[in-house]
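Subject: Structure for you to look at

Hello,

Here is the structure I said I would pass on. Please open it before you read the notes under it.

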Amino acid sequence: MKSQYEQRILETKRRIYGAFLRLMRDRSIHQISISELCQLAGINRSTFYHHFGSQYDVLAELTDAFLEDLEAQLLDVSPRDQAGVQRRVEMCLDNAMRNKELTLLLMRSSEGTQFALRLFSLPKIENLLHESLADVPSEAERRARIDFVTYGACRLLQQWLTAPAPISTQEETALILKLARCVCSEK
């Protein structure tokens, strides 16, 4: 059980995160002032600065927590275990849909490109991509293919999350994996 102090910290951060997400709906992170963030969160500036140095730190903490949660859902899986890969990608997509607002915010932020890189650089995902490309002799070509899969999958994810009537998680997973296999195969 968390102490009263720990619960207060969690509640303060929850309020800051909520205010941050509301402000990010309408503007870029560069346009958010700490004063308005604190006002919306119902805290004073000194409380904010006790936990964060800037609005960029809030974004970084949200990103880290999102990626840690995602990585915890992934188990080591071989690219040859296609059913295992499919299940894990579906879990990731379900997580993205459950956290749609946060996922889109992270992808659309000025650091969105960095988010895509970090997402696909999670050790379990990166290892899967490298293992899939083990037969590609050129490091430059392997890197190019990984980048292509990374940014392409992120764009597909973004389109899926914003579609008025998105296809099912299973269909989106099948599409992403089919295209990734095309890029990763030597044929």
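The notes below cover the core, the salt bridges and the cysteines.

This is a predicted model, in which local features need pLDDT of at least 70 and side-chain atom pairs count only at pLDDT 80 or more, while totals for chains, interfaces and linings use all residues. Residues are numbered from 1 along each chain as its sequence is written, and side-chain values use heavy atoms, with hydrogens and water left out.

Core

In soluble globular proteins, nonpolar side chains tend to be buried together. A nonpolar core here is a set of buried Ala, Val, Leu, Ile, Met, Phe, Trp, Tyr and Cys residues joined through side-chain atoms within 4.5 Å. Buried means under 20% relative accessible area, exposed means over 50%, and partly exposed is in between (1.4 Å probe, protein chains only). The largest such core has 51 residues, and F20, F48 and L119 touch the most other members. Helix α9 (residues 139-162) gives the most to this core, namely eight residues. Helices are DSSP runs (H or I, at least four residues), numbered from the N terminus.

Which residues does F48 contact, leaving aside its neighbours within four places in sequence? They are I16, I34, L37, C38, I43, G53, S54, Q55 and V58, where contact means heavy atoms within 4.5 Å.

Salt bridges

A salt bridge is a side-chain nitrogen of Lys or Arg within 4 Å of a carboxyl oxygen of Asp or Glu. The whole structure has seven of them.

- K13 pairs with E61, with the closest N and O atoms 3.1 Å apart. K13 is in helix α1 (residues 4-24) and E61 in helix α4 (residues 55-73), so the pair ties together parts 48 residues apart in sequence. K13 is buried at 18%, whereas E61 is partly exposed at 25%.
- E101 pairs with R25 at 2.5 Å between the closest N and O atoms. E101 lies in helix α6 (residues 100-108) and R25 in the loop between α1 and α2 (34-41), so this pair joins parts 76 residues apart in sequence. R25 is exposed at 53%.
- E141 pairs with R145, also with closest N and O atoms 2.5 Å apart. Both lie in helix α9, four residues apart, about one turn of the helix.

Cysteines

How many disulfides are there? The count is zero, a disulfide being a pair of cysteine sulfur atoms within 2.5 Å. The sulfur of C184 is 9.6 Å from the closest cysteine sulfur, in C182, which is too far for a bond. C184 is buried at 11% relative accessibility, and C38 is buried at 3%.

Regards

Technical notes:
Helix = DSSP H or I, 4+ residues; strand = E, 2+ residues; numbered from the N terminus.
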